[in-house]
Amino acid sequence: MDAAATLAAASIAAGTPMLLAAIGILVHERTGVVNLGVEGMMLAAAVVAFAVTHDSGSYALGFAAAMLAGVLLAAVFAFFALVLHANQYATGLAIALLGAGASAFIGLPYSGQGLPARGADGVALLRELPVIGPLLFGHHLMVYAALVLVLAVAWMLFRTRAGLVLRAVGESPESAHALGISVRGVRLAALLFGGACAGLAGAYLATVYTPLWAENMTAGRGWIALALVVFATWRPARVLVGAYLFGGVTMLQLYLQGIGVEAPSQLMSMAPYLATIVVLALISRNPRWIRLNMPASLGRPFNPNA
Amino acid sequence: MRILRWTAVVAASMLAMACGRQEPPAPPKAEAKAVLPAKAEPLKVGFVYVSPIGDAGWTTQHNRGREQMQAALGEKVTTSFVEKVPEGADAERVIRDLAAQGHKLIFTTSFGFMNPTLKVAEEFPDVKFEHATGYKSAANVGTYNVRFYEGRYAAGVLAGKMTKTNTLGYVGAFPIPEVLQGINAFTLGARSVNPKAQVRVIWVNSWYDPGKERDAANALIGQGADIVTHHTDSSAVVAAAEEKGRMAVAYHSDMSRFGPKAQLAAVTHHWGEYYTKTAQSVLDGNWKPSNIWGGMKDGMIKVEAFNASLPKDVVDQVEAKAAAIKAGEFHPFTGPIAGNDGREIAAKGVVLTDEQLGKMDYYVQGVIGKVPAAGK
C-alpha cells in the first residue's frame, strides 16, 4: 500500500513538467497558434534556471530567469509568426533547434556540476503520514502550482469573458476582428503565457526534478506535451490525466525492476510513450470529436490588413 | 560573469535568426583541449573521457589522476583530454584524432571504448594505448582496472550496520561483471554483519543520465530502501537520498556537497599514481602491455569521507575490514557464497579467482531479482 502510494506520488512529480508545458500549449493553441518550439524553449529555460540557481544560490531567481527565457523565445516566435506571418510550423521547428543548440552551448561549463543541497519537499510532519503523506503532502511547491494553474486555466477558458474572447480568436479570427478584438494582441499574450509555462517546466526539470544540467535533458518532454494537447482534444482535464499517466508509466517500469520483474529494459523505456498515446487515442477515438474541439483557425496566420 | 555570457549568447543567436540565418542544430561537443604548451619533445599523453569532468564522478577521478601525473612529471609530458565522448563510432574517431595529433600514450577510460581502442591501435602500432576496465589487449594495448569490489564490501558492512529497514537500494548502469562484482560484494559485506539485509537493484542502461538515476533512486526508496548507492556517474542518487531524508553511499568521488546528511561514506578510486608510473615507463622506453588490477593495497580504491554522525564503533568496524582487505588477510569473495537462485558458487573457505570474478554474471544470495540478459 505504501509502495503504491509512493509510486503514485512519484508519477505525479514525473508528470508535472509535461503538465506545465502542455497547459501553456493548450492556451496558445486555443487562440489558433501552433508553436512547435516548446522543446527548445524548455531546454533554454532549463539551462538558464540551472545557471542562475548555480551562480546565485537562489531557486526563486532561477525560476524567474527561466520564465523570462521562455517568454523571450516565445516573443521571437511571435515576431515571426504574428508580425511577419511566417509559417508557424517552420518557425516553431527553428525555435526548437535554436533552443537545443543554444542551451547545449550555454550549459557547457555547467554539465556535471551540482546544485546546493535542498531539504525535503512538502509540508513538514504531514508528509510523514502513511499513504496520504507522500501522495498529498510530500511534493515540491511547483507540483501544487501546476495543479492550480490547470484549474485556473480551465476556469478562465470556460467561465470568463477573457476565455470566451480567447476561444473566439481561435475559432474565427475574422469574426473576432470584426467585433473589434485585437486578434494578434490576444495571440501574443497567449504565446507569452505559453513561453512562461515552458520556462517553469524547464526550470522544474533542471533545478528540482533532476537537479543537474545535462545536454538535451528534457528528453523529448516538450514534444510529448505537444502531442498530449492534441490527444487531449484541447481540454485541460484530459491534459492533466495524460501528463500524470505518462509520469506513472515512466516510474512503473523502474518499480517493476526493483521488485525483480524480468523484462527487456528497452521495451520498458518505450512503454510510457506507447501507453500514453494508446490511452489518449482511446479516450478521443472519435475523429469528429477531435475536429470539433480543434480550434478552427489552428496554424493559420491572421493578417488584419489583408 | 556566466550570467552575462548566456545573455550575450541568447541575444547573439536571436540576432542571427533575425538576419535569416539558420542556427546549426548543436555546437560541436568534443574538442581536444591542450592543457600545457609543448616544449622540447615532451611525451604527449591523451585521455578520452566518457562523461563531462564535472565536480564529482568517474571522469572527475580520472581527470584528477591526469592532473596528478602532470604535476609529478612536469615538463616531461603534456596532456590533453576529450570529454563527453559517446561509446561507439564517435569514440573511434576521437581516439584516431588523438593518435594522429602525435599523442604517444592514450588512456581510454570507459568500458565501451574497448573495441574502438583496439581498432585504432592496429592502425598506430607505435602509439601505446591503455584501456580502463576492459579485458581485451594487444601488442600496444594494455588494460588497467581497480578492484572496486574491495571498497564495495567495506561499504556494505557500513550499510548493513546502519540500515533500519534491512532493504538497500543499488542503481546500476549495465549488468557487466564489474558492476555485478560491486553489487555482490556490497551484499556480502552487508549480510556479514546483518543477515537480514536485502539488496534491490534497478538498471538505468546508461553511465550518465542524471534524470533516470534519480528516478531509480526514488523508486528504490519508495520500495523501502533506507540506504541507496549507485554504479553510475552522476551525484543524482546521493542528492535524491538527501531530499527524501534517507542515507546513501557515494561512489567515485566524495559527494557530501550534494548530500551532507545523506552520505554515510564514499567509495572512491584513484588513478594518479598509475598514470604517473605508466607515463614514466613510456618515457624510459620499457613500457609493455600489462593487465593491471589494482586494489586497496595499491591505494587505488578507498572508503572515505565518513559522515560525522556515524557511531564510532561502526566506523572502526568498517575501517578494520578495509585494513584486513588492504593487508591481504581477507578477500571479499571468500566462500561460502551462494547464488540467489540457491546454487553454490564457492564452498566454505574457497576464494574466487580473478578469472571467475571477470566472468561474474549472477547475483549472490540477498539480492532480489535476476540479472537481465545481455549487458554488452
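Two strands pair if DSSP finds at least two bridges between them. Strands themselves are DSSP runs of E, at least two residues, and helices are runs of H or I, at least four residues, both numbered from the N terminus. Keep both in mind for what follows.

First, the ground rules. This is a predicted model: local features need pLDDT of at least 70, side-chain atom pairs count only at pLDDT 80 or more, and totals for chains, interfaces and linings use all residues. Residues are numbered from 1 along each chain as its sequence is written, and chains are lettered from A and ligands numbered from 1 in the order in which they are written.

Chain A, then. It has 13 helices and zero strands. The C-alpha trace of chain A spans about 60 × 45 × 40 Å along its principal axes.

How much of chain A is buried? Of its 306 residues, 54%. Buried means 20 or more other C-beta atoms within 10 Å of a residue's own; exposed means 12 or fewer; partly exposed is in between; C-beta atoms are placed from the backbone.

On to chain B, and strand S6(B), residues 141-146. Six of its six residues are buried. Both faces are covered: Val141(B), Thr143(B) and Asn145(B) on one side, Gly142(B), Tyr144(B) and Val146(B) on the other.

Which strands pair with S6(B)? One is S5(B), residues 128-132, parallel, with four bridges. There, Ala132(B) has Tyr144(B) as its bridge partner. Another is S12(B), residues 291-294, also parallel over four bridges. Here Val146(B) stands opposite Gly294(B).

Next, an open sheet in chain B. Six strands run in the order S8-S7-S9-S10-S11-S13, with mixed pairing. The edge strands are S8(B), 198-203, and S13(B), 301-304; each pairs on one side only. The twist averages 20 degrees from one strand to the next. For angles, axes are lines fitted to C-alpha atoms, for helices over the stretch in contact, and values run from 0 to 180 degrees between N-to-C directions.

Inside that sheet, S7(B), residues 167-172, and S9(B), residues 227-231, pair in parallel over five bridges. Val171(B) stands opposite His230(B). Helix H7(B), residues 210-222, packs on the sheet and touches S7, S8 and S9 of chain B. Contact means C-beta atoms, placed from the backbone, within 7 Å. The direction of H7(B) makes about 165 degrees with that of S7(B).

Conventions: Two residues are in contact if their C-beta atoms, placed from the backbone, lie within 7 Å.
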